[in-house]
Amino acid sequence: MHKISFYQTHLTEGQWSYINKVFFENDCRHRKYSLRSIFEAVLYLLVSGCQWRMLPHDLPKLQTVYWYFHKWRTDGCLSHCIEKLVIKIRRKRK
């Protein structure tokens, strides 16, 4: 059995609840990997700046993460998500 590591980019329940509600709530398809684990893997890549091939083995497969990253980047979901989260954080800090 693989031991799951926790990275700085792992989301809290509250963070994931917000992201899931705003962006993925209507997407109920069954997947091999959860959208949360895929989203966290994308965050890991963006924050760490690591090469795709250096994605840790306890995260979803490279090909899966890349497919979702490309899809979310192309359809604007990723930039929209980041923009909404930045606005939310800035409002909280006021």
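The protein chain has four helices and zero strands. The model is predicted. Work through each exercise in turn.

**Exercise 1. Find the order of the elements in the protein chain, then decide how compact the chain is.**

Step 1. Start at the N terminus. The elements run α-α-α-α.

Step 2. Along the principal axes, the C-alpha atoms fill a box of roughly 45 × 25 × 25 Å.

**Exercise 2. Describe the inside and the surface of the protein chain.**

Step 1. Take the inside. Of the 94 residues, 32% are buried.

Step 2. Residues 24 or more positions apart account for 58% of them.

Step 3. Take the surface. The accessible surface comes to about 7300 Å². Carbon and sulfur atoms hold 54% of that area.

**Exercise 3. Is F6 buried or exposed?**

Step 1. Locate the residue. F6 sits in the segment before α1.

Step 2. Read its relative accessibility, which is 68%.

Step 3. Apply the cut-off. Exposed means over 50%. F6 therefore counts as exposed.

Step 4. Relate F6 to L55. The two are 49 residues apart in sequence. In space, their C-alpha atoms are 13 Å apart.

**Exercise 4. Is R36 buried or exposed, and which residues is R36 in contact with?**

Step 1. Locate the residue. R36 belongs to helix α2, residues 35-48.

Step 2. Read its relative accessible area, which is 19%.

Step 3. Apply the cut-off. Buried means under 20%. R36 is therefore buried.

Step 4. Leave aside the neighbours within four places in sequence. R36 is then in contact with L11, T12, E13 and W16.

**Exercise 5. Which helix has the highest confidence, and which the lowest?**

Step 1. Begin with the whole chain. Its mean pLDDT is 85. A value of 70 or more is reached by 95% of its residues.

Step 2. Go to the top of the range. Helix α3, residues 62-74, has the highest confidence, at a mean of 94.

Step 3. Helix α1, residues 13-24, has the lowest, at a mean of 84.

Methods: Residues are numbered from 1 along each chain as its sequence is written. This is a predicted model: local features need pLDDT of at least 70, side-chain atom pairs count only at pLDDT 80 or more; totals for chains, interfaces and linings use all residues. Side-chain values use heavy atoms; hydrogens and water are left out. Helices (H or I, at least four residues) and strands (E, at least two) are DSSP runs, numbered from the N terminus. Buried means under 20% relative accessible area, exposed over 50%, partly exposed in between (1.4 Å probe, protein chains only). Contact means heavy atoms within 4.5 Å. Accessible areas come from the Shrake-Rupley method with a 1.4 Å probe; for residues, only the protein chains shown count as cover. pLDDT is the predictor's confidence in each residue, from 0 to 100.
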